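Hi,

Here is the structure I promised to pass on to you. Have a look at it first, and then read on for what I found.

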Amino acid sequence: MQIVSEPLVSLKQDVDHPILKVSNLSWSTSSNKILSDISFQVPLGSFTGMLGPNGAGKSTLLRCLYRYLTPESGQVLLNGQDISSLSNYAFARKVAVVLQHTPQHFDLSVFDVVALGLIPHKSMFSNNSQADLNLIKTAIAQVGLSDKTGRDFETLSGGEKQRVMIARAIVQRPQLLLMDEPTSHLDVKYQIQIMELAKSLGITVIASFHDINLASALCDQLLILKQGRLHTSGTPENVITETTLTDVFDVCSMVSAHPQHQSPHVTYFYGYNSDNDNSSDHDTNNIEPAEHTKDDE
Ligand SMILES: Nc1ncnc2c1ncn2[C@@H]1O[C@H](COP(=O)(O)OP(=O)(O)OP(=O)(O)O)[C@@H](O)[C@H]1O
(Lines give C-alpha, C1' and ligand atoms only; values in the text may rest on other atoms or scores of the structure.)
Protein backbone atom coordinates (compact mmCIF):
# COMPACT_ATOMS: atom_id res chain seq x y z
CA MET A 1 0.00 0.00 0.00
CA GLN A 2 1.32 3.36 -0.95
CA ILE A 3 0.92 5.49 2.14
CA VAL A 4 -0.24 8.97 1.32
CA SER A 5 2.30 11.22 3.00
CA GLU A 6 -0.12 14.07 3.55
CA PRO A 7 -3.04 12.39 5.28
CA LEU A 8 -5.72 14.66 3.93
CA VAL A 9 -5.24 15.26 0.25
CA SER A 10 -7.09 18.27 -0.99
CA LEU A 11 -7.91 18.28 -4.69
CA LYS A 12 -8.54 21.34 -6.73
CA GLN A 13 -12.26 21.27 -7.31
CA ASP A 14 -14.06 23.45 -9.75
CA VAL A 15 -17.23 24.65 -8.07
CA ASP A 16 -18.26 26.61 -11.16
CA HIS A 17 -18.35 23.49 -13.31
CA PRO A 18 -20.53 20.69 -11.99
CA ILE A 19 -19.61 17.37 -13.58
CA LEU A 20 -22.90 15.94 -12.37
CA LYS A 21 -26.23 17.67 -12.05
CA VAL A 22 -29.17 15.79 -10.58
CA SER A 23 -32.56 17.48 -10.87
CA ASN A 24 -35.81 16.45 -9.19
CA LEU A 25 -34.95 12.76 -9.26
CA SER A 26 -37.60 10.35 -7.95
CA TRP A 27 -37.85 6.57 -7.98
CA SER A 28 -40.58 4.25 -6.74
CA THR A 29 -41.31 0.57 -6.48
CA SER A 30 -44.81 -0.54 -7.51
CA SER A 31 -46.01 0.28 -3.99
CA ASN A 32 -43.55 2.73 -2.39
CA LYS A 33 -41.86 5.99 -3.18
CA ILE A 34 -38.19 5.34 -2.37
CA LEU A 35 -36.58 8.58 -3.64
CA SER A 36 -38.45 11.89 -3.77
CA ASP A 37 -37.47 14.98 -5.69
CA ILE A 38 -33.71 14.87 -5.14
CA SER A 39 -31.60 17.67 -6.62
CA PHE A 40 -27.89 18.39 -6.16
CA GLN A 41 -24.75 19.23 -8.09
CA VAL A 42 -21.29 17.72 -7.85
CA PRO A 43 -18.35 20.02 -8.66
CA LEU A 44 -15.65 18.66 -10.96
CA GLY A 45 -12.81 17.15 -8.92
CA SER A 46 -14.75 17.07 -5.66
CA PHE A 47 -15.25 14.24 -3.20
CA THR A 48 -18.91 13.96 -2.25
CA GLY A 49 -20.10 11.79 0.61
CA MET A 50 -23.60 10.38 0.89
CA LEU A 51 -24.81 9.77 4.44
CA GLY A 52 -28.07 8.61 5.93
CA PRO A 53 -29.52 5.89 8.14
CA ASN A 54 -30.30 2.36 6.93
CA GLY A 55 -32.99 2.48 4.27
CA ALA A 56 -32.60 6.23 3.62
CA GLY A 57 -32.06 5.60 -0.10
CA LYS A 58 -28.29 5.94 -0.58
CA SER A 59 -27.83 2.75 -2.62
CA THR A 60 -30.98 3.45 -4.64
CA LEU A 61 -29.75 6.93 -5.52
CA LEU A 62 -26.33 5.58 -6.51
CA ARG A 63 -28.06 2.89 -8.61
CA CYS A 64 -29.88 5.67 -10.49
CA LEU A 65 -26.54 7.43 -11.03
CA TYR A 66 -24.85 4.33 -12.48
CA ARG A 67 -27.95 3.46 -14.52
CA TYR A 68 -28.80 0.19 -12.81
CA LEU A 69 -32.16 1.87 -12.15
CA THR A 70 -34.00 4.34 -14.33
CA PRO A 71 -35.47 7.28 -12.42
CA GLU A 72 -39.24 7.54 -12.75
CA SER A 73 -38.81 11.31 -13.08
CA GLY A 74 -36.03 13.85 -13.02
CA GLN A 75 -32.78 14.14 -14.86
CA VAL A 76 -29.13 13.19 -14.36
CA LEU A 77 -26.66 15.19 -16.44
CA LEU A 78 -23.02 14.13 -16.71
CA ASN A 79 -20.95 16.93 -18.22
CA GLY A 80 -24.21 18.41 -19.43
CA GLN A 81 -25.31 15.20 -21.16
CA ASP A 82 -28.30 13.16 -20.01
CA ILE A 83 -26.83 9.83 -18.86
CA SER A 84 -29.77 7.99 -20.42
CA SER A 85 -28.58 9.15 -23.86
CA LEU A 86 -25.09 7.61 -23.54
CA SER A 87 -24.25 4.20 -25.01
CA ASN A 88 -23.14 1.54 -22.51
CA TYR A 89 -19.63 1.79 -23.91
CA ALA A 90 -19.49 5.59 -23.61
CA PHE A 91 -20.92 5.45 -20.09
CA ALA A 92 -18.35 2.84 -18.98
CA ARG A 93 -15.54 5.08 -20.22
CA LYS A 94 -16.78 7.88 -18.00
CA VAL A 95 -18.14 6.21 -14.87
CA ALA A 96 -16.67 3.46 -12.68
CA VAL A 97 -18.53 1.78 -9.85
CA VAL A 98 -17.29 0.04 -6.71
CA LEU A 99 -20.04 -1.74 -4.83
CA GLN A 100 -20.46 -2.98 -1.27
CA HIS A 101 -20.58 -6.60 -2.41
CA THR A 102 -17.99 -7.74 -4.90
CA PRO A 103 -19.22 -9.68 -7.93
CA GLN A 104 -18.07 -13.29 -8.32
CA HIS A 105 -15.12 -13.79 -10.62
CA PHE A 106 -14.58 -17.54 -10.80
CA ASP A 107 -11.22 -18.66 -12.19
CA LEU A 108 -9.89 -15.14 -12.54
CA SER A 109 -6.70 -13.97 -10.84
CA VAL A 110 -6.33 -10.61 -9.12
CA PHE A 111 -4.46 -9.41 -12.21
CA ASP A 112 -7.28 -10.58 -14.52
CA VAL A 113 -9.98 -8.83 -12.48
CA VAL A 114 -8.04 -5.54 -12.41
CA ALA A 115 -7.41 -5.86 -16.17
CA LEU A 116 -11.22 -5.89 -16.72
CA GLY A 117 -11.05 -2.16 -16.00
CA LEU A 118 -9.37 -1.70 -19.40
CA ILE A 119 -12.30 -3.13 -21.37
CA PRO A 120 -14.07 0.20 -22.01
CA HIS A 121 -10.84 1.56 -23.50
CA LYS A 122 -10.02 -1.31 -25.85
CA SER A 123 -11.34 -2.77 -29.01
CA MET A 124 -12.45 -6.39 -28.94
CA PHE A 125 -9.64 -9.02 -28.97
CA SER A 126 -6.85 -6.42 -28.68
CA ASN A 127 -3.97 -7.52 -26.44
CA ASN A 128 -2.70 -5.62 -23.46
CA SER A 129 0.22 -3.33 -24.31
CA GLN A 130 3.23 -2.82 -22.02
CA ALA A 131 1.61 0.45 -20.90
CA ASP A 132 -1.58 -1.47 -20.01
CA LEU A 133 0.43 -4.01 -18.00
CA ASN A 134 2.21 -1.21 -16.14
CA LEU A 135 -1.12 0.48 -15.40
CA ILE A 136 -2.54 -2.76 -13.98
CA LYS A 137 0.54 -3.46 -11.85
CA THR A 138 0.64 0.11 -10.55
CA ALA A 139 -3.04 -0.01 -9.57
CA ILE A 140 -2.52 -3.33 -7.77
CA ALA A 141 0.44 -1.80 -5.92
CA GLN A 142 -1.62 1.28 -5.00
CA VAL A 143 -4.13 -0.89 -3.13
CA GLY A 144 -1.38 -2.89 -1.43
CA LEU A 145 -1.91 -6.22 -3.20
CA SER A 146 1.27 -6.70 -5.24
CA ASP A 147 2.05 -9.91 -3.37
CA LYS A 148 -1.35 -11.33 -4.41
CA THR A 149 -1.27 -10.43 -8.11
CA GLY A 150 -1.49 -14.05 -9.25
CA ARG A 151 -3.94 -15.22 -6.58
CA ASP A 152 -7.37 -16.58 -7.48
CA PHE A 153 -9.75 -13.67 -6.78
CA GLU A 154 -12.28 -15.93 -5.06
CA THR A 155 -9.72 -16.96 -2.40
CA LEU A 156 -9.26 -13.38 -1.14
CA SER A 157 -10.82 -11.96 2.00
CA GLY A 158 -13.75 -9.53 1.68
CA GLY A 159 -11.49 -6.54 2.28
CA GLU A 160 -8.89 -7.74 -0.20
CA LYS A 161 -11.60 -8.25 -2.83
CA GLN A 162 -12.82 -4.72 -2.20
CA ARG A 163 -9.30 -3.38 -2.76
CA VAL A 164 -9.08 -5.32 -6.04
CA MET A 165 -12.33 -3.67 -7.20
CA ILE A 166 -10.85 -0.27 -6.40
CA ALA A 167 -7.72 -1.16 -8.41
CA ARG A 168 -10.02 -2.14 -11.30
CA ALA A 169 -11.73 1.26 -11.06
CA ILE A 170 -8.30 2.99 -11.10
CA VAL A 171 -7.42 1.13 -14.32
CA GLN A 172 -10.75 2.16 -15.83
CA ARG A 173 -9.65 5.82 -15.54
CA PRO A 174 -13.18 7.19 -15.17
CA GLN A 175 -14.20 10.82 -14.89
CA LEU A 176 -16.59 9.89 -12.11
CA LEU A 177 -16.13 7.15 -9.52
CA LEU A 178 -19.25 5.98 -7.67
CA MET A 179 -18.68 3.93 -4.51
CA ASP A 180 -21.46 2.30 -2.50
CA GLU A 181 -20.18 1.73 1.02
CA PRO A 182 -16.74 0.77 -0.31
CA THR A 183 -15.23 0.54 3.16
CA SER A 184 -17.76 -1.92 4.58
CA HIS A 185 -15.31 -4.86 4.51
CA LEU A 186 -12.15 -2.92 5.28
CA ASP A 187 -10.22 -2.72 8.51
CA VAL A 188 -9.66 0.78 9.88
CA LYS A 189 -6.26 1.25 8.21
CA TYR A 190 -7.64 0.43 4.78
CA GLN A 191 -10.84 2.40 5.40
CA ILE A 192 -8.70 5.50 5.71
CA GLN A 193 -6.08 4.64 3.11
CA ILE A 194 -8.51 3.48 0.40
CA MET A 195 -10.67 6.56 0.77
CA GLU A 196 -7.59 8.80 0.76
CA LEU A 197 -6.43 6.95 -2.33
CA ALA A 198 -9.82 7.50 -3.99
CA LYS A 199 -9.55 11.17 -3.10
CA SER A 200 -6.04 11.43 -4.52
CA LEU A 201 -6.91 9.98 -7.94
CA GLY A 202 -7.75 13.34 -9.43
CA ILE A 203 -11.27 12.33 -10.41
CA THR A 204 -14.67 13.22 -9.05
CA VAL A 205 -15.86 10.73 -6.43
CA ILE A 206 -19.29 10.13 -4.91
CA ALA A 207 -19.25 7.59 -2.10
CA SER A 208 -21.80 6.47 0.45
CA PHE A 209 -20.59 6.10 4.02
CA HIS A 210 -21.82 4.91 7.37
CA ASP A 211 -18.79 6.32 9.20
CA ILE A 212 -19.71 9.98 9.62
CA ASN A 213 -16.26 10.90 10.95
CA LEU A 214 -14.51 9.36 7.95
CA ALA A 215 -16.89 11.22 5.62
CA SER A 216 -16.34 14.44 7.51
CA ALA A 217 -12.56 14.10 7.31
CA LEU A 218 -12.42 13.37 3.60
CA CYS A 219 -15.38 14.92 1.83
CA ASP A 220 -15.69 18.34 0.25
CA GLN A 221 -19.46 18.15 0.38
CA LEU A 222 -21.99 15.86 2.01
CA LEU A 223 -25.48 14.82 0.98
CA ILE A 224 -27.55 13.68 3.93
CA LEU A 225 -30.54 11.55 3.02
CA LYS A 226 -33.51 10.78 5.21
CA GLN A 227 -36.50 8.70 4.15
CA GLY A 228 -35.72 9.07 0.47
CA ARG A 229 -35.33 12.84 0.55
CA LEU A 230 -32.27 15.06 0.55
CA HIS A 231 -32.45 16.38 4.12
CA THR A 232 -29.34 18.59 4.01
CA SER A 233 -26.35 19.18 1.79
CA GLY A 234 -23.21 21.26 2.10
CA THR A 235 -19.71 21.20 3.53
CA PRO A 236 -19.07 18.93 6.54
CA GLU A 237 -18.79 22.07 8.69
CA ASN A 238 -22.26 23.16 7.64
CA VAL A 239 -24.13 19.88 7.80
CA ILE A 240 -22.57 17.83 10.62
CA THR A 241 -24.30 19.33 13.60
CA GLU A 242 -25.72 17.78 16.75
CA THR A 243 -29.23 18.81 15.65
CA THR A 244 -28.89 17.15 12.24
CA LEU A 245 -27.45 13.98 13.77
CA THR A 246 -30.38 13.74 16.16
CA ASP A 247 -32.93 14.58 13.52
CA VAL A 248 -31.58 12.21 10.86
CA PHE A 249 -29.84 9.41 12.77
CA ASP A 250 -31.76 9.56 16.07
CA VAL A 251 -28.56 9.64 18.14
CA CYS A 252 -27.30 11.86 20.89
CA SER A 253 -23.86 13.26 20.12
CA MET A 254 -21.33 16.01 20.61
CA VAL A 255 -19.64 17.59 17.60
CA SER A 256 -16.18 19.09 18.06
CA ALA A 257 -13.27 20.00 15.77
CA HIS A 258 -10.96 17.10 14.90
CA PRO A 259 -7.54 17.85 16.48
CA GLN A 260 -5.64 17.18 13.23
CA HIS A 261 -7.73 18.78 10.50
CA GLN A 262 -10.51 20.65 12.34
CA SER A 263 -13.33 18.98 10.41
CA PRO A 264 -16.39 18.19 12.54
CA HIS A 265 -15.78 15.11 14.65
CA VAL A 266 -18.68 13.27 16.27
CA THR A 267 -18.55 11.73 19.73
CA TYR A 268 -21.60 9.58 20.41
CA PHE A 269 -23.30 9.21 23.77
CA TYR A 270 -24.43 5.73 24.79
CA GLY A 271 -27.52 4.61 26.62
CA TYR A 272 -29.71 7.37 25.26
CA ASN A 273 -33.46 7.11 25.19
CA SER A 274 -35.64 8.32 22.39
CA ASP A 275 -39.29 8.97 23.19
CA ASN A 276 -40.11 8.45 19.52
CA ASP A 277 -38.46 5.12 18.74
CA ASN A 278 -41.36 3.98 16.58
CA SER A 279 -42.15 7.32 15.09
CA SER A 280 -40.96 8.44 11.69
CA ASP A 281 -41.56 12.05 12.65
CA HIS A 282 -38.89 12.58 15.28
CA ASP A 283 -38.94 15.42 17.74
CA THR A 284 -35.24 16.21 18.03
CA ASN A 285 -35.65 17.59 21.54
CA ASN A 286 -36.84 14.26 22.94
CA ILE A 287 -33.52 12.47 22.62
CA GLU A 288 -31.24 12.68 25.63
CA PRO A 289 -28.55 10.63 27.38
CA ALA A 290 -30.16 7.95 29.57
CA GLU A 291 -28.91 9.40 32.85
CA HIS A 292 -30.79 12.60 32.04
CA THR A 293 -34.08 11.27 30.70
CA LYS A 294 -37.19 13.23 31.45
CA ASP A 295 -38.43 10.41 33.70
CA ASP A 296 -35.58 11.14 36.11
CA GLU A 297 -36.51 14.77 36.49
N1 LIG B 1 -36.21 -3.04 -5.58
C2 LIG B 1 -36.74 -2.70 -4.43
N3 LIG B 1 -37.95 -3.19 -4.06
C4 LIG B 1 -38.51 -2.82 -2.88
N5 LIG B 1 -37.95 -1.98 -2.00
C6 LIG B 1 -36.75 -1.48 -2.33
C7 LIG B 1 -36.08 -1.80 -3.54
N8 LIG B 1 -34.92 -1.14 -3.58
C9 LIG B 1 -34.84 -0.44 -2.43
N10 LIG B 1 -35.94 -0.64 -1.68
C11 LIG B 1 -36.23 -0.03 -0.38
O12 LIG B 1 -35.86 1.32 -0.47
C13 LIG B 1 -35.33 1.79 0.76
C14 LIG B 1 -33.98 2.39 0.52
O15 LIG B 1 -33.05 1.34 0.28
P16 LIG B 1 -31.52 1.63 0.03
O17 LIG B 1 -30.83 0.32 -0.11
O18 LIG B 1 -31.37 2.60 -1.06
O19 LIG B 1 -31.11 2.33 1.41
P20 LIG B 1 -29.66 2.67 1.98
O21 LIG B 1 -29.72 4.08 2.46
O22 LIG B 1 -28.62 2.34 0.97
O23 LIG B 1 -29.61 1.69 3.22
P24 LIG B 1 -28.39 0.93 3.94
O25 LIG B 1 -27.64 1.99 4.68
O26 LIG B 1 -29.09 -0.01 4.87
O27 LIG B 1 -27.57 0.24 2.90
C28 LIG B 1 -35.32 0.58 1.70
O29 LIG B 1 -36.46 0.64 2.50
C30 LIG B 1 -35.38 -0.60 0.75
O31 LIG B 1 -36.01 -1.70 1.35
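Below are my notes, going from the whole chain to the details.

Please keep in mind that this is a predicted model. The chain has 297 residues, and 36% of them count as buried. Its secondary structure comprises 9 helices and 14 strands. If you take the contacts with a separation of 6 or more, 65% are between residues 24 or more positions apart.

Strand 6 pairs with strand 7 (residues 176-179) in the parallel sense, over 4 bridges. Within that pairing, valine 95 stands opposite leucine 176, while alanine 96 has leucine 177 as its bridge partner.

Strand 8 (residues 204-208) includes serine 208. Is serine 208 buried or exposed? Serine 208 has 25 other C-beta atoms within 10 Å, and because the cut-off for buried is 20 or more, serine 208 counts as buried. Setting aside neighbours within four places in sequence, serine 208 is in contact with Met50, Lys58, Ser59, Leu62, Asp180 and Glu181. Methionine 179 is 29 residues away in sequence, yet the C-alpha to C-alpha distance to serine 208 is 6.4 Å.

Lys58 and Ser59 turn up again around the ligand. The residues surrounding the ligand are Thr29, Ile34, Gly52, Asn54, Gly55, Ala56, Gly57, Lys58, Ser59 and Thr60. By class, this shell has 7 polar, 2 nonpolar and 1 charged residues. Which element gives the largest share of the shell? That is helix 1 (residues 58-65), with 3 residues.

Next, a pair of helices. Helix 5 (residues 158-172) and helix 6 (residues 188-200) pack at an angle of about 5°, their axes 12 Å apart. With that angle, the two helices are therefore roughly parallel to each other. Gly159, Arg163 and Ile166 of helix 5 make the contact with Tyr190, Ile194 and Ala198 of helix 6. By class, that contact has 4 nonpolar, 1 polar and 1 charged residues.

Finally, have a look at strand 11 (residues 253-257). Of its 5 residues, the number buried is 0, so strand 11 lies largely in the open. Strand 11 runs antiparallel to strand 12 (residues 264-268), and 5 bridges join the two. One of the bridge pairs is alanine 257 with proline 264. The two strands form a hairpin with 6 residues between them, and glutamine 262 in the turn has a positive phi of about 65°.

Happy to go through any of this with you.

Best wishes

Terms used. Residues are numbered from 1 along each chain as its sequence is written. This is a predicted model: local features need pLDDT of at least 70, side-chain atom pairs count only at pLDDT 80 or more; totals for chains, interfaces and linings use all residues. A residue is buried if 20 or more other C-beta atoms lie within 10 Å of its own, exposed if 12 or fewer, and partly exposed in between; C-beta atoms are placed from the backbone. Two residues are in contact if their C-beta atoms, placed from the backbone, lie within 7 Å. A residue is near a molecule or strand if its C-beta atom, placed from the backbone, lies within 6 Å of it. Ala, Val, Leu, Ile, Met, Phe, Trp, Tyr, Cys and Pro count as nonpolar, Asp, Glu, Lys and Arg as charged, and the others, Gly among them, as polar. Axes are lines fitted to C-alpha atoms, for helices over the stretch in contact, and angles run from 0 to 180 degrees between N-to-C directions. Angles under 35 degrees count as roughly parallel, over 145 as roughly antiparallel, 65 to 115 as roughly perpendicular and the rest as oblique. Two strands pair if DSSP finds at least two bridges between them.
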